[in-house]
Amino acid sequence: MTKEVEKDTEMKDKVKNSFLPLQTLNKENLTDNIVSDYQEGVSCDTKFIYEFDSDGKAVAEQGINDLHNAIPFVLSFVEKLSTIIVNEATQQTIYSHQTIKQYDKVTIERITKKIADNEENVFIAKISSKHEALTIAIPVEYLSADRYKILFPSEETPKQFISFPLVGSEKFPLPFVINSPLFNPDDSKSCVLKSFTPTTVLTKSES
């Protein structure tokens, strides 16, 4: 399904039409073989296999790097996630999350990155509005007990999250990372609409 449309109504029609074959199949009795012992996630019957040329390999490698850059903030914003495991051809990386300090409304979290026997820690300070409608997070460096140094996010780290990163927001001119379930990116990802007011628009060109 192509996303090249001029009006929202055209996209709605395309989405509706894309479901027609599925609805038709659901209404038909295509087989008498009823699967009675199916267990979700145990058997995967669909595979997507891609052959990468040199350009495709470079894109895939960049995607893996982007994944590693975003994971510490994903663990910080999505508290239901305690561990993320990334399996690559030559190594396994395990990320785990732990809240270690609470200073009034500021939370300090430690994200541990483990590869084989090697471990390194990433510390993130965050503060949230009521009901976590808006969360601001920034990496910090641990100095000593109750002492942390504020750092700037990496240039490769997305600056906007809706629990998960908005890819392409790495160049957004913010000295911190911002997360909100109220963000509403447009289809082109060229701007992010904020639901706080009916007219507020946050674009890449704003500081």
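Which residues does D146 touch, not counting residues up to four places away in sequence? The model is predicted: local features need pLDDT of at least 70, side-chain atom pairs count only at pLDDT 80 or more, and totals for chains, interfaces and linings use all residues. Residues are numbered from 1 along each chain as its sequence is written, and side-chain values use heavy atoms, with hydrogens and water left out.

**Figure 1. Overview of the protein, with two helices and twelve strands.** Helices (H or I, at least four residues) and strands (E, at least two) are DSSP runs, numbered from the N terminus. Along the sequence the pattern reads α-α-β-β-β-β-β-β-β-β-β-β-β-β. The protein has 207 residues, and 25% of them count as buried. Buried means under 20% relative accessible area, exposed means over 50%, and partly exposed lies in between (1.4 Å probe, protein chains only). The accessible surface comes to about 15,200 Å², with 53% belonging to carbon and sulfur atoms. Accessible areas come from the Shrake-Rupley method with a 1.4 Å probe; for residues, only the protein chains shown count as cover. Among contacts with a separation of 6 or more, 29% join residues 24 or more positions apart. Contact means heavy atoms within 4.5 Å.

**Figure 2. D146 in the loop between β5 (135-144) and β6 (147-150).** D146 touches K101 and Y103, leaving out residues up to four places away in sequence. D146 and K101 are 45 residues apart in sequence, yet their C-alpha atoms are 8.4 Å apart in space. D146 counts as partly exposed because its relative accessibility is 48%.

**Figure 3. The largest nonpolar core, with 15 residues.** A nonpolar core is a set of buried Ala, Val, Leu, Ile, Met, Phe, Trp, Tyr and Cys residues joined through side-chain atoms within 4.5 Å. The members that touch the most other members are I71, F73, L75, F77, I84, Y95 and F161. The largest share, six residues, comes from α2. Beyond its neighbours within four places in sequence, F73 is in contact with I124, A137, I138, P139, T157, F161 and V177. Another core, of six residues, lies apart from the largest one; F123, I138, V140 and Y148 are among its members.

**Figure 4. I124 in strand β4.** I124 counts as buried because its relative accessibility is 0%.

**Figure 5. The largest pocket, with about 210 Å³ of space.** On a 1 Å grid over the protein atoms alone, a pocket is an open set of points where a 1.4 Å probe fits, with protein on both sides within 12 Å along at least five of seven lines; lining residues have an atom within 4 Å of a point. Grid points are joined across faces, edges and corners, and a volume is the space filled by probe spheres set on the points. The lining consists of H68, N69, P72, F73, Y95, K113, E120, V122, P139, P153, S154 and T157. Both α2 (54-77) and β4 (118-128) supply at least two residues. Helix α2 gives the most, with four. By class, the lining has six nonpolar, four polar and two charged residues. Ala, Val, Leu, Ile, Met, Phe, Trp, Tyr, Cys and Pro count as nonpolar, Asp, Glu, Lys and Arg as charged, and the others, Gly among them, as polar.

**Figure 6. The second largest pocket, with a volume of about 170 Å³.** Its lining has 13 residues, and F77, V78, E132, S163 and N179 lie nearest the centre. The elements that give two or more residues to this lining are α2 and β4. The lining divides into four nonpolar, six polar and three charged residues.

**Figure 7. D104 and A116, two loop residues with positive phi.** Most residues other than glycine have a negative phi. D104 lies in the loop between β2 (92-103) and β3 (106-115). Its phi is near 55 degrees. D104 is exposed, with a relative accessible area of 72%. A116 is found in the loop between β3 and β4. Phi of A116 is near 55 degrees. A116 is exposed, at 58% relative accessible area.
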